[in-house]
Amino acid sequence: MSSRVCSASKVHPTRGLRFQVPVIMFYQSNPLSMKGKEDPVKVIREALGKALVYYYPLAGRLIEGENRKLMVDCTGEGVLFSEADADTTLDSLGDAIQPMCPCFEELLYDVPGFGEILGSPLILIQVIRLRCGGFIFALQLNHTLSDAFGLSQFLNAVSDMTQGLSRPCLLPIWQRELLNARNPPRITCIHHEYKGVTSTKGTLRMAMDENNLVHRSFFFGPKEKRTLKKRLPTSLGAYITFEVLVACVWRCRTIAFAVDPDEVVRFSCIINLRGKQGFNLPPGYYGNAFVSPASITKAGMLCANPLEYAIMLVKKAKMQISTEYMKSVADLMVTQGRPPFSKSGNYFISDNRHVGFGEVNFGWGKPVYGGIARALSNISFCTQFKNKKGEEGNVIPICLPPLVMERFEQEIKRMTKEECLR
């Protein structure tokens, strides 16, 4: 039987997304919600098979066409699924139940060959039963197929099947051609996120040794948010909390690197296109649907100016989003051979606050934590989080070299310490 080949979207930089996205969810034992479903492995595995009938491209394998264009060969070979048992409890995991989970490699078996982009399974899942009756759901997804919102949609389809439904509440839509380039393609906007910047010293790049990074998460609760907002002048105008948080993290990160003042630095805000006016993406679209507009400045300007300067640059990046900007990105992908994001002095933060991983219910209630498991060297994300005190807030994980992390922690503490304000 011949298989069907599905084309991937051209709007995202397939070379820049050729990596695995790790997701982790921690579930408590909940006898009242289980309704006799004693084994989460059996329940999730059966529901996964049913959901893949509708999301059949995810059970295929990637192949590469002309000009490195990625396509899915819908072979129906399936995804990788494994189970395990751990002689531990959720309570004993403590601080591991958060982004930058220190034991993620132990919670998701690294199947040899899975990391290959072409010809390998697109999803790896492991369900771990815990002694307390809870369980851990760990997953890795090939990012070229879907973004966080698309993956969340798929996991909710699996959730629907665990509830006894015959089909997902929201039917999936492939239609990657909705974000294709124009004919003929034409780049009409400036795209700093892909454009090479001539730096004077390259000190930021030299400081980032990806083989020696510390992984930490930083929580911003009511106190931290209140303190940061007190630093802002009333003349700043309208802003949202997300802009304040990511501007603070970007500025503190740049200060911590102690780079040359003339070094050009960039901030890219990863923005979901779903629901944006003019993009016409139908409900159910589960491909990569985001752009990453960037603002640029010199490190000296970012570090010397107060927080509102960084906020204005974050807002400037977000304001670039338009239908024309999105089409220009798609055209750039075609005309320039799908370039990766530029890493030179570029820092990305993805807005994951409303992705919905924390709402996925396989029959045991909502997870204690559900979301992306860790950040990358130049990519962080912002998500909803409740700390041990029960405070609602946001958490932003980050990877930095050890000495840079020490300076970053000190700078974050200084910015969020109330008594430092006059």
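This is a predicted model: local features need pLDDT of at least 70, side-chain atom pairs count only at pLDDT 80 or more; totals for chains, interfaces and linings use all residues.
Next I turned to cysteine 382, which counts as buried because its relative accessibility is 0%. Which cysteine sulfur is closest to that of cysteine 382? I found it in cysteine 269, at 9.7 Å, so the pair is too far apart for a bond. With a cut-off of 2.5 Å between cysteine sulfur atoms, my count of disulfides is zero.

**The sheet.** I then traced an open sheet of five strands with mixed pairing, in the order S5-S6-S7-S2-S13. Its edge strands are S5 (80-86) and S13 (369-372), each of which pairs on one side only. From one strand to the next, the twist averages 10°. I looked up how S2 (residues 20-27) meets S7 (residues 135-142): the two are antiparallel and share eight bridges. Opposite glutamine 20 I found asparagine 142 of S7.

**Helix H5.** What lies across S2, S6 and S7? My note says helix H5 (residues 148-162), which runs at about 135° to S7.

**Helix H8.** I checked the length of helix H8 (residues 241-257) too. At 1.5 Å a residue, its 17 residues should span 24 Å, and the end C-alpha atoms are 25 Å apart, so the two figures agree. How many of the 17 residues of H8 are buried? I noted 15, so the helix is mostly covered by the under 20% cut-off for relative accessible area. Just after H8 comes alanine 258, where I read a positive phi of about 50°.

Conventions. Residues are numbered from 1 along each chain as its sequence is written. Side-chain values use heavy atoms; hydrogens and water are left out. Two strands pair if DSSP finds at least two bridges between them. Helices (H or I, at least four residues) and strands (E, at least two) are DSSP runs, numbered from the N terminus. Axes are lines fitted to C-alpha atoms, for helices over the stretch in contact, and angles run from 0 to 180 degrees between N-to-C directions. Contact means heavy atoms within 4.5 Å. The expected span of a helix is 1.5 Å times one less than its number of residues. Buried means under 20% relative accessible area, exposed over 50%, partly exposed in between (1.4 Å probe, protein chains only).
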